[in-house]
Amino acid sequence: MSQYIIETENLTKNFGRFKAVDHINLKISRNKIQGFIGPNGAGKTTTIKMLTGAIHPTQGHGHINGYKMGSKNGKALIGYAPAESLFYSDMTTIEYLVYIGKIKGLKQSDAVNKACELIQYFGLEEATHRKPIHFSSGMKKKIIVSQALINDPKVLILDEPTANLDPTARIQILDILQKLMIERDISIFISSHILSELESLVNEVTLFNKGKIVLSGSLNEVKQKYSKGIYKVRTSDNNLFVDKLMEHCKVLIKKITIDPSGDLLITIIPKGKEKFELIIGPIISHYKISLIKFIQEDVSLDEIYKDIYK
Ligand SMILES: Nc1ncnc2c1ncn2[C@@H]1O[C@H](COP(=O)(O)OP(=O)(O)OP(=O)(O)O)[C@@H](O)[C@H]1O
Ligand SMILES: [Mg+2]
């Protein structure tokens, strides 16, 4: 069994002569949350629509848990929450969820049970017999995400589930996604522009632009790659430590400054990180220096995004 629940090969979508998605090899791991990030018009929704089988690729193909993308079996494993919420004007929340459940092949009684369970899970009890068409954006989004779960999917695909929501509604949706991830055997693929919120949620990221994957991997790998190579260090004798660094590995060091708290900020040359980390141990043990703090400064998704798209 592949480690990926979804894999595509050269997935491509042309609109006329315009390549909206251009030969992408996307990989979504099992039981992980992957962020799909890119500017407006990058091709995120087009990609998502191909994954869900809503539109056909011009070229290339993909598999969902081994089933062909767009096939009945493949589609049955996916729950999809589109960016735009469209509701029937005469349906209540429960009627809507049951209706979607039946479209997905559930029996009436199973659809009702599942709809009730989801209403509870999403805290929508007081909306049960009201019509979503009149709801706030936050409530509508919750219903759109809940309908995507009606068939207990293996993969939940969410197109900007927190767009235009206030911070409270956003946090509620993100908390539910986190809870889903912990409680169920599910993978989540989520497109968003709000990188700070993705940062605390996702394990993997794919950065996307002009129909192509720019960068993809685990959040840690991506952060390592874009790390500025700055270490925050405090020792029992900072002066001696700096002297010995300059004596033993001057070539690896770009800059050393001191921050307001007295910690050393040591900037390493690109590709020098591995050697630098290896040399620290022998220096401190040989000169009997205690290492009190040794932290590689984190780089945010926002900074990575700015670096890539500037
Ligand atoms: N049906 C269509 N016909 C022609 N062009 C289309 C069609 N759908 C999308 N496009 C074009 O394909 C490109 C990618 O659109 P897409 O909606 O996938 O981007 P996106 O990354 O989801 O953007 P956003 O962040 O604004 O939602 C855009 O230039 C868009 O105009
Ligand atoms: Mg879109």
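**Exercise 1. Is Cys 249 buried or exposed, and how many disulfides are there?**

Step 1: Cys 249 has a relative accessible area of 3%, so Cys 249 is buried (under 20% is buried, over 50% exposed, in between partly exposed; 1.4 Å probe, protein chains only).
Step 2: Cys 116, at 39%, is partly exposed.
Step 3: Counting pairs of cysteine sulfur atoms within 2.5 Å gives 0 disulfides.

A note before going on: this is a predicted model, where local features need pLDDT of at least 70 and side-chain atom pairs count only at pLDDT 80 or more. Residues are numbered from 1 along each chain as its sequence is written.

**Exercise 2. Describe how helices α8 and α11 meet.**

Step 1: Find α8 at residues 219–226 and α11 at residues 301–309 (helices are DSSP runs of H or I, at least four residues; strands are runs of E, at least two).
Step 2: Their axes, lines fitted to C-alpha atoms over the stretch in contact, come within 10 Å and cross at roughly 55°.
Step 3: The two helices are therefore oblique to each other (under 35 degrees is roughly parallel, over 145 roughly antiparallel, 65 to 115 roughly perpendicular, the rest oblique).
Step 4: In α8, Leu 219, Val 222, Lys 223 and Tyr 226 meet Leu 301, Ile 304, Asp 307 and Ile 308 of α11, with contact meaning heavy atoms within 4.5 Å.

**Exercise 3. Where does Lys 210 lie, and what is its phi?**

Step 1: Look in the loop between β10 (204–209) and β11 (212–218).
Step 2: Lys 210 is not a glycine, yet has a positive phi of about 50°.
Step 3: At 68% relative accessibility, Lys 210 is exposed.

Conventions. Chains are lettered from A and ligands numbered from 1 in the order in which they are written. Side-chain values use heavy atoms; hydrogens and water are left out. Axes are lines fitted to C-alpha atoms, for helices over the stretch in contact, and angles run from 0 to 180 degrees between N-to-C directions.
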